[in-house]
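Me: I would like a close look at one part of a model, with the rest of the chain as background. Please give each cut-off as you go.

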Amino acid sequence: MPLESQIPIVSHGTSKRFALRLALFYGTLFGLGGTHLPFFPVWLKAVGIDASWIGIITAIPSVTRFTTLPFVTGLAESRYSLRGALMVTAFATALGLSAVGTQQQPLLVFLVYAVTACMWTPMVPLTDAYALRGVARYGLNYGPLRLWGSAAFVVGALVCGLLVDVIAARHLIWVIAAMAGLGALVSLGLQRLDHPKPAPATPHRAGALLRDPGFLAIIVAAALIQGSHAAYYTFASITWQGAGLGGLTVAGLWVLGVLAEIVVFALSPRFTFSPAVLVVIGGLAGVARWLITAQEPSVAVLAVVQLAHGLTYGITQVGTMGLLVRHVPVQLMARGQGYYAACSGIVTSSASILSGAVYARHGQGVYYVMAAMALSGALVMWLARSRLADHPQSAASGG
């Protein structure tokens, strides 16, 4: 059936309202990330939690990505209720983060945060699924909607950076919880979408992906390179504050990285290197970035190093998605993405826990471990590049 016949005719006003409300929700969702990622570890340290526990606690979201996340998203899909699931998870996240703020004992923070993360981490894939369904129904473009998320991350980090110089670090959790509460309120405005007609089930040997050396090379290499950001995500803000940098400077350094990432995504259609080479470039950029960071550079050098986030994260992500599209049959793409998310979650959570133990003993020396991870990912992809080039999978044909 032609695509045009599947898209109901809707008014321009209805389409515009859907786009505006979804853009607002994306903004609050990633704005929460902008306040949480740089400053949640700062709050943990401020309430007296030591580095080892901080590494364990901040690993929790990565663990939920390969445990509870698939269950929550699968339940929402099976009940055809993405909008309802978004509202439930948004309010549960706001309540959970508020409850985290009332705790100061490491074990209690760990337990409450774990429950909260089970509801929070599925929100991005749920929102993307809801957005793509709306894109099909209203004939919209996904990119301009999603862009507001990245922009809001920048704003969230800057606002929290300003506040950290005004309020005590032990109160930062309430800024994070307030952003989550705003997202819960915005979720109430999301428009209803028609339930899709379930597609007929077609059996596929999805397990064959895990026996495919090329596919395994893709997800392992990407997981190692992206997982090498673990120490940065967990301890960068703490280290920078300890070096005497103010909250706005800390936020500015985070923002530089995100801006570089946005630029890379915007320019990615013009890249001429193969996806495998892009992943190798991302890994080697990671080696250089983490080796420089381990030297405790000045703020001026840090600003330049932060721009490398466009390579270590952005170009690795672009290359990984390009490889998956080429190598995984279209009917197995969701399963392939799930395996990649699970592998990344395992590697990142392990790296977070390891980085906590190493940072407690060696401080900035933890970045030598991250450089080794990035190098390992680059080597895996470099050794697999010929196999991936010789045996591309046609997404159009389904293999």
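This is a predicted model: local features need pLDDT of at least 70, side-chain atom pairs count only at pLDDT 80 or more; totals for chains, interfaces and linings use all residues.

Reply: Residues are numbered from 1 along each chain as its sequence is written, and side-chain values use heavy atoms, with hydrogens and water left out.

The chain has 18 helices and 0 strands; helices (H or I, at least four residues) and strands (E, at least two) are DSSP runs, numbered from the N terminus. Of the contacts (heavy atoms within 4.5 Å) between residues at least 6 apart in sequence, 85% join residues at least 24 apart.

Turning to the part you asked about, threonine 293 has its place in helix α14, which covers residues 275–293. With a relative accessible area of 8%, threonine 293 is buried, and the residues it is in contact with, leaving aside neighbours within four places in sequence, are Val305, Gln364 and Tyr367. The side chain of threonine 293 also reaches the backbone oxygen of arginine 289, at 2.7 Å. Although threonine 293 and glutamine 306 are 13 residues apart along the chain, their C-alpha atoms are separated by 9.5 Å.

Beyond threonine 293, the loop between α14 and α15 (299–306) holds glutamate 296, a residue that has a positive phi of about 55° although it is not a glycine. Glutamate 296 counts as exposed, at 59% relative accessibility, whereas threonine 293 is buried.

Methionine 119, in helix α7 (residues 106–120), represents the intermediate class, since at 26% relative accessibility it counts as partly exposed. Methionine 119 touches Val72, Thr89, Ala92 and Thr93, again not counting residues up to four places away in sequence, and the C-alpha atoms of methionine 119 and alanine 90, 29 residues apart along the chain, are separated by 7.7 Å.

Helix α11 (residues 213–227) shows burial over a whole element, as 12 of its 15 residues are buried, among them Phe215, Ile218, Ile219, Leu224 and Gln226. From the first C-alpha of α11 to the last, the helix reaches 20 Å, close to the 21 Å expected at 1.5 Å a residue, the expected span being 1.5 Å times one less than the number of residues. At the start of α11, a side-chain oxygen of aspartate 212 reaches to within 3.0 Å of the backbone nitrogen of glycine 214, and glycine 214 is itself one of the buried residues of α11.

Terms used. Buried means under 20% relative accessible area, exposed over 50%, partly exposed in between (1.4 Å probe, protein chains only). A polar contact is a pair of N or O atoms within 3.5 Å; within protein, one must be able to donate a hydrogen and the other to accept it, and residues adjacent in sequence count only if both atoms are side-chain atoms.
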